[in-house]
Amino acid sequence: MLTTLALATSLSADAFAVAISKGAQYPTLTRRNKLAFAGWMAGAEALAPLLGWLAGQSMKGYVEAYDHWLAYILLCALGLRMIHHANTQPIFFDRFKIGW
């Protein structure tokens with residue numbers, strides 16, 4: 001029950017963030033277009049966990065013996081990529097108004 005509540009909260013926060021950003025990007029949308037976009041986003045947010053669960057269940061037998069190593073490798077690769085990008089990408093301080 002707690003896992004379902006956490007998943008629902010995170011998905012609703014994600015959908016809310018997308019709705020706010022799209023609303024700011026397209027302030028002249030009609031009510032009908034806004035409702036259509038909200039419906040599509042709600043459908044995508046509802047379908048994503050279901051598809052992930054189905055994919056996980058279908059591959060469970062193949063990766064069950066080494067799934068922990070797979071997660072470790074993926075998380076290490078992601079961390080190394082973040083460190084690499086942090087050290088090689090230029091930082092544009094002029095985008096942010098820092099200071100007085």
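Helices, here, are DSSP runs of H or I with at least four residues, numbered from the N terminus. By that rule, alanine 17 has its place in helix H1. The model is a predicted one, in which local features need pLDDT of at least 70 and side-chain atom pairs count only at pLDDT 80 or more, while totals for chains, interfaces and linings use all residues. Residues are numbered from 1 along each chain as its sequence is written, and side-chain values use heavy atoms, with hydrogens and water left out.

**Helices H1 and H2**

Helix H1 covers residues 2-25 and helix H2 covers residues 31-63, and their axes, which are lines fitted to C-alpha atoms over the stretch in contact, come within 10 Å of each other and cross at roughly 150°. Because angles, taken between N-to-C directions on a scale from 0 to 180 degrees, count as roughly antiparallel when they are over 145 degrees, H1 is roughly antiparallel to H2.

Contact means heavy atoms within 4.5 Å, and on the H1 side it is made by Leu7, Leu11, Asp14, Ala15, Val18 and Lys22, whereas H2 contributes Phe37, Met41, Glu45 and Pro49. These contact residues divide into seven nonpolar, no polar and three charged, where Ala, Val, Leu, Ile, Met, Phe, Trp, Tyr, Cys and Pro count as nonpolar, Asp, Glu, Lys and Arg as charged, and the others, Gly among them, as polar. An α-helix has 3.6 residues a turn, so residues three or four places apart point the same way.

**Helix H3**

Helix H3 runs over residues 67-88, and at 1.5 Å a residue its 22 residues should span 32 Å, which agrees with the 31 Å between its end C-alpha atoms; the expected span is 1.5 Å times one less than the number of residues. H3 is hardly covered, since the count of buried residues among its 22 residues is zero, buried meaning under 20% relative accessible area, exposed over 50% and partly exposed in between, with a 1.4 Å probe and protein chains only.

Between C-alpha atoms, glycine 61 and threonine 30, 31 residues apart along the chain, are separated by 48 Å. Leucine 70 and glycine 39 are 31 residues apart in sequence and 35 Å apart in space, and alanine 17 and leucine 50, 33 residues apart along the chain, are separated by 21 Å.

Technical notes:
Helix = DSSP H or I, 4+ residues; strand = E, 2+ residues; numbered from the N terminus. Parallel < 35°, antiparallel > 145°, perpendicular 65-115°, else oblique.
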